[in-house]
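Subject: Structure handover

Hello,

Here is the structure we talked about. Please open it beside this email and follow along.

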Amino acid sequence: MTGLRSYALIAATLLGALLVSVLPYPHAYLLGRPLWLPLVTGYWCLAAPRRMGIFTAWTAGLLADAALASPFGEHALALSVFAYMMSRYHLRIRNLPMGLQMLFVGLNLLLYEFLIFWINGLTSKTGPILPYGLPVLVSTALWPLVFFPLRRLRRRYRIH
Amino acid sequence: MRFWPSRNRSPVSLFHRQSFLALRLACALTASVTLLVWSHGQPAGSPLSVFATRLGILIEQPVATTVSAIASIGPTFTRQGVLEQRIQTLEHRLLKLRARLTRDHSLAFENARLKALLGRARTLKQAYRVVHVLRVDLNPYRQELLVGAGPGLRLRPGEAVVDAHGLVGQIVATTAHTARVLLITDPGQMVPVEVAATGLLTFTVGTGSPARLRLPFISNQPTGIRPGQLLISSGLGGHYPHGFPVAVVTRVNPRPDRSFAYVTARPLAALSEDRELLVLTAPVGHPPPGRRPIR
């Protein structure tokens with residue numbers, strides 16, 4: 001598949017993840033809201049590191065900041081760190097069995113959420129840290145549900 | 001290391017594949033930190049925050065409109081009988097409220113006379129504008145609503161928003177057709193209130209839960225504050241008008257080991273269920289638009 005179309009497909013999945021995360025939800029759901037954007041970003045960093053890198057992640061994070069009205073640059077920072085970790089070790093993570101892969105993704109998501117908690121605190125939105133933990137667990141559990149469908153998509157359209 | 005493509009070789013990108021990963025991260029981090037520092041010190045009406053708001057609403061408005069369109073499919077296909085029944089109930093309620101209003105008119109006259117006697121000329125006369133809720137966002141670290149408003153309504157940042165039961169929050173950003181309302185339960189939001197029964201002045205802080213507010217600075221000594229008491233907005237600071245119900249005190253636990261007692265309250269406004277809200281026009285002497293909301 002040509003480069004441009006691969007980029008378009010990756011951008012479409014990222015946008016989809018963003019739109020899903022701004023849907024209106026009941027309060028109970030939001031306590032454990034899955035971090036769709038980092039999950040999808042993480043997959044593309046693993047599977048197509050030449051197409052999806054830190055700058056794409058940064059841009060996606062900035063759009064998330066705008067859509068979620070968080071401090072401008074917050075999700076951009078956290079997501080670029082997350083993308084760095086996934087790109088840096090993509091060859092190793094790819095060869096891990098699913099369980100260990102989930103563990104690695106989970107630890108990085110913990111870092112992601114901690115960065116967001118930290119910046120929220122610095123910009124005077126202090127609150128308890130506990131609500132930041134549940135989305136990490138939920139998202140880690142959802143990693144295979146993001147991984148396998150996206151892999152099917154990638155194989156079908158031959159994105160490398 | 002080569003940065004620019006030469007004419008006789010294949011082009012090499014500035015960031016060669018997989019290399020300079022740390023450099024790229026450093027660039028991204030610098031850019032984010034710059035943006036964060038820059039936007040943090042900016043007032044609500046600055047170009048950067050307006051840009052961020054416009055971009056955000058561009059993303060979330062299609063989602064919000066689609067969802068509310070899907071949600072309105074149900075009411076569109078309703079039987080006539082059900083609708084007639086509903087109109088009848090609403091008319092009955094209107095009649096009851098009208099009757100109560102006429103009684104309140106006489107009370108208002110009496111009140112005005114008493115106030116004049118006391119030398120207080122403050123009145124609660126306000127103009128309301130109705131807006132409808134597009135999106136409710138009740139994150140633990142962000143409690144916000146997106147409301148839709150016609151261009152004629154001229155909403156401005158800093159204006160207070162109420163519903164039928166109590167204070168909801170204030171407008172923090174506006175575009176042509178929408179506005180963002182920061183709720184009183186947002187962790188960054190404080191509301192100056194007074195205890196209606198005793199006149200004790202204090203303020204509430206949001207907790208990130210739509211059902212709870214905290215009153216952080218209530219002394220351990222007896223202050224007369226008790227569960228069940230009504231908190232009304234005190235009007236201090238000029239952001240919220242005086243006299244709107246805000247919350248009901250739910251818990252008062254003195255903590256001898258700390259400087260202040262643990263006091264919580266339940267907001268009166270139905271924050272997660274409201275579909276229509278009222279925006280109050282800013283009273284005279286209100287801070288001009290573009291000033292930072294209370295943080």
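**Chain A: the fold**

Chain A has eight helices and zero strands. Please keep in mind that this is a predicted model. Going along the sequence, the pattern of chain A reads α-α-α-α-α-α-α-α. Chain A has 160 residues, and 47% of them are buried. Now take the contacts in chain A with a separation of 6 or more. Of these, 71% are between residues 24 or more positions apart.

**One residue to look at: Leu9(A)**

Find Leu9(A) in helix α1 of chain A. Is Leu9(A) buried, exposed or partly exposed? Count its C-beta neighbours inside 10 Å: there are 19. Being buried takes 20 or more, and being exposed takes 12 or fewer. Leu9(A) therefore counts as partly exposed.

Next, look at what lies around Leu9(A). Leaving out residues up to four places away in sequence, Leu9(A) touches Tyr157(A) and Ile159(A). Leu9(A) and Leu153(A) are 144 residues apart along the chain, yet 9.2 Å separates their C-alpha atoms.

**Where the chains meet**

How many residues does each chain bring to the contact? Chain A brings 38 residues and chain B brings 37 residues. On the side of chain A that touches chain B, the elements giving two or more residues are α1 (3–21), α2 (27–31), α4 (54–68), α5 (74–88) and α7 (98–122) of chain A. By type, the residues on that side of chain A are 22 nonpolar, 11 polar and five charged.

**Chain B: a barrel**

Chain B holds a barrel. Six strands close it, in the order β6-β7-β8-β11-β10-β9 (chain B). The pairing is antiparallel. Zoom in on one pair from that order. Strand β8 (residues 213–214) of chain B and strand β11 (residues 262–267) of chain B run antiparallel and are joined by two bridges. In this pair, Leu213(B) stands opposite Ala265(B) in β11(B).

**The largest nonpolar core**

The largest nonpolar core has 99 residues. Which residues touch the most other members? They are Val147(B), Leu167(B) and Val168(B). The element that gives the most to this core is α5(A), with 10 residues. Recall that α5 (74–88) also gives residues to the side of chain A that touches chain B.

Finish with Val168(B). Set aside its neighbours within four places in sequence. Val168(B) is then in contact with Val161(B), Val162(B), Asp163(B), Val181(B), Leu183(B), Ile184(B), Ala269(B), Leu271(B) and Leu277(B).

Best wishes

How values were computed:
Residues are numbered from 1 along each chain as its sequence is written. Chains are lettered from A and ligands numbered from 1 in the order in which they are written. This is a predicted model: local features need pLDDT of at least 70, side-chain atom pairs count only at pLDDT 80 or more; totals for chains, interfaces and linings use all residues. Two residues are in contact if their C-beta atoms, placed from the backbone, lie within 7 Å. Helices (H or I, at least four residues) and strands (E, at least two) are DSSP runs, numbered from the N terminus. Ala, Val, Leu, Ile, Met, Phe, Trp, Tyr, Cys and Pro count as nonpolar, Asp, Glu, Lys and Arg as charged, and the others, Gly among them, as polar. Two strands pair if DSSP finds at least two bridges between them. A nonpolar core is a set of buried Ala, Val, Leu, Ile, Met, Phe, Trp, Tyr and Cys residues joined through C-beta atoms within 7 Å.
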